[in-house]
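Let's walk through this structure together, from its overall layout down to single residues. Have the viewer open as you read.

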Amino acid sequence: MSGDGIVPTTSAPAAAAIAQDTPCRKCGYNLRGLSVEGRCPECGTSVGFSLQGDLLRYCDPNWVDALRRGVKCIIAAVVLGIFGVVAGIALGVGAGNAGIGFAVGGGAVVVAMIVAAVGWWMLTQPDPSGLGEDQYGTPRKIIRVAQVVGLAHVALVGLTATITVDDATLLALQAVSVVAIVVSAVGIFAECSYLERIARRIPDEKLSSRAHFLMWALGVSYAGSQLMSTAANLSGSRRPTQGFVCFNAILNLFMLVFLIMFLLMLEKIGKRFKEQATAARQTWAAVPFQALTPPATGTPLV
Ligand SMILES: [Zn+2]
């Protein structure tokens with residue numbers, strides 16, 4: 001199967017050499033100066049793969065598979081979280097046992113957060129060739145930091161729930177919580193920004209612009225709802241106004257809609273990753289550019 005835009009190896013009796021810095025698709029080795037018909041001297045991958053732009057279908061299929069597994073993990077985590085909360089509420093209200101309901105709902109959310117963090121870790125593995133880092137290297141790293149901060153925050157909240165603290169400590173904890181909430185809001189922006197850009201490597205402009213929309217829709221509604229609940233917590237015993245309650249409910253409803261859109265988008269991206277991994281595997285197995293060339297030793301120009 002020959003892809004679009006394969007660099008033609010026509011007519012030239014001696015194969016052309018690569019004139020500019022070009023990372024190997026599998027190991028990142030700089031192929032500059034090597035013959036386009038040769039192989040990477042580090043890992044033996046055909047040089048031709050590394051000349052195809054940055055589309056996922058020409059990438060290391062194992063890496064694309066890792067991205068797909070990450071997507072699956074995140075979807076499972078979100079579904080688990082939603083079901084856990086619903087089950088917790090049902091147990092709490094239905095069985096009239098708020099303690100059990102809270103434990104089930106809270107436990108499910110914690111497990112979901114851990115699974116989601118593992119998923120995001122897989123989905124943000126860097127391309128072994130180093131391609132794409134100039135596009136999304138920063139959001140990719142922010143996502144990882146935000147996941148770690150989120151887990152640490154949950155651990156801290158869990159810990160402080162089991163002990164009694166004085167007012168000063170409580171104030172410090174509230175400050176830490178506000179920072180953690182800001183980090184998680186930034187994390188949502190980073191997640192969508194990363195997905196927007198990696199979707200261009202499929203390439204899928206529709207998914208890319210959906211991710212761009214959700215970056216603002218989900219990011220702003222999440223930040224808003226967190227801000228509202230923080231304000232409600234800080235106001236203490238004062239009863240919130242009806243307007244406040246109403247606005248907060250609408251905001252949360254919007255956020256739920258955007259979260260479902262996010263899930264559907266992830267599901268589509270996971271499917272596209274699967275296609276691209278399959279295409280990449282076929283491409284890599286096809287061994288173009290003179291399959292019988294023995295593993296080349298580097299013949300640098302100059
Ligand atoms: Zn290589």
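Before any helix pair comes up, a word on geometry: axes are lines fitted to C-alpha atoms, for helices over the stretch in contact, and angles run from 0 to 180 degrees between N-to-C directions. This is a predicted model, in which local features need pLDDT of at least 70 and side-chain atom pairs count only at pLDDT 80 or more, while totals for chains, interfaces and linings use all residues. Residues are numbered from 1 along each chain as its sequence is written.

The protein chain has 6 helices and 0 strands, and along the sequence the pattern reads α-α-α-α-α-α. Helices here (H or I, at least four residues) and strands (E, at least two) are DSSP runs, numbered from the N terminus. Two residues are in contact if their C-beta atoms, placed from the backbone, lie within 7 Å. Of the contacts in the protein chain with a separation of 6 or more, 69% are between residues 24 or more positions apart. As for burial, a residue is buried if 20 or more other C-beta atoms lie within 10 Å of its own, exposed if 12 or fewer, and partly exposed in between, with C-beta atoms placed from the backbone. By that count, 28% of the 302 residues of the protein chain are buried.

Now look inside. A nonpolar core is a set of buried Ala, Val, Leu, Ile, Met, Phe, Trp, Tyr and Cys residues joined through C-beta atoms within 7 Å. The largest one has 40 residues, and Val71, Ile74 and Cys192 have the most contacts inside it. The elements that give two or more residues to this core are α1 (61–94), α2 (98–123), α3 (133–162), α4 (167–199), α5 (205–234) and α6 (242–286). A second, separate core has 6 residues, including Cys24, Leu31, Val36 and Cys40.

Next come the helix pairs. Two packed helices are described by the angle between their axes and the distance between the axes. α5 and α6 have axes that come within 9 Å and cross at roughly 150 degrees. The crossing of α5 with α6 is left-handed, a term used if the near helix is turned anticlockwise from the far one by less than a right angle, with right-handed if clockwise. The residues of this contact of α5 with α6 divide into 16 nonpolar, 5 polar and 3 charged. In these classes, Ala, Val, Leu, Ile, Met, Phe, Trp, Tyr, Cys and Pro count as nonpolar, Asp, Glu, Lys and Arg as charged, and the others, Gly among them, as polar.

α1 and α6 pack at about 160 degrees, with their axes 8 Å apart. They are therefore roughly antiparallel to each other; angles under 35 degrees count as roughly parallel, over 145 as roughly antiparallel, 65 to 115 as roughly perpendicular and the rest as oblique. The α1 and α6 crossing is left-handed. Among the residues that meet here are Val64, Leu67, Val71 and Ile75 in α1, and Leu266, Ile269, Phe273 and Trp284 in α6. By class, the contact of α1 with α6 has 14 nonpolar, 2 polar and 6 charged residues.

For α2 and α3, the angle is about 160 degrees and the axes are 10 Å apart, so this pair is roughly antiparallel. α2 passes α3 in a left-handed crossing. Val110, Met113, Ile114, Ala117, Trp120 and Trp121 in α2 meet Ile143, Arg144, Gln147, Gly150, Leu151 and Val154 in α3. This contact of α2 with α3 is made up of 9 nonpolar, 2 polar and 1 charged residues.

Ala155 is in helix α3 and counts as exposed, with 11 C-beta neighbours inside 10 Å. Gly28 lies in the segment before α1 and is partly exposed, with 18 other C-beta atoms within 10 Å. Gly28 and Gly130 are 102 residues apart in sequence, yet 6.3 Å apart in space, C-alpha to C-alpha. In the loop between α4 and α5 you will find Pro203. A cis peptide bond joins Ile202 and Pro203, with omega about -10 degrees. In general, most peptide bonds are trans.
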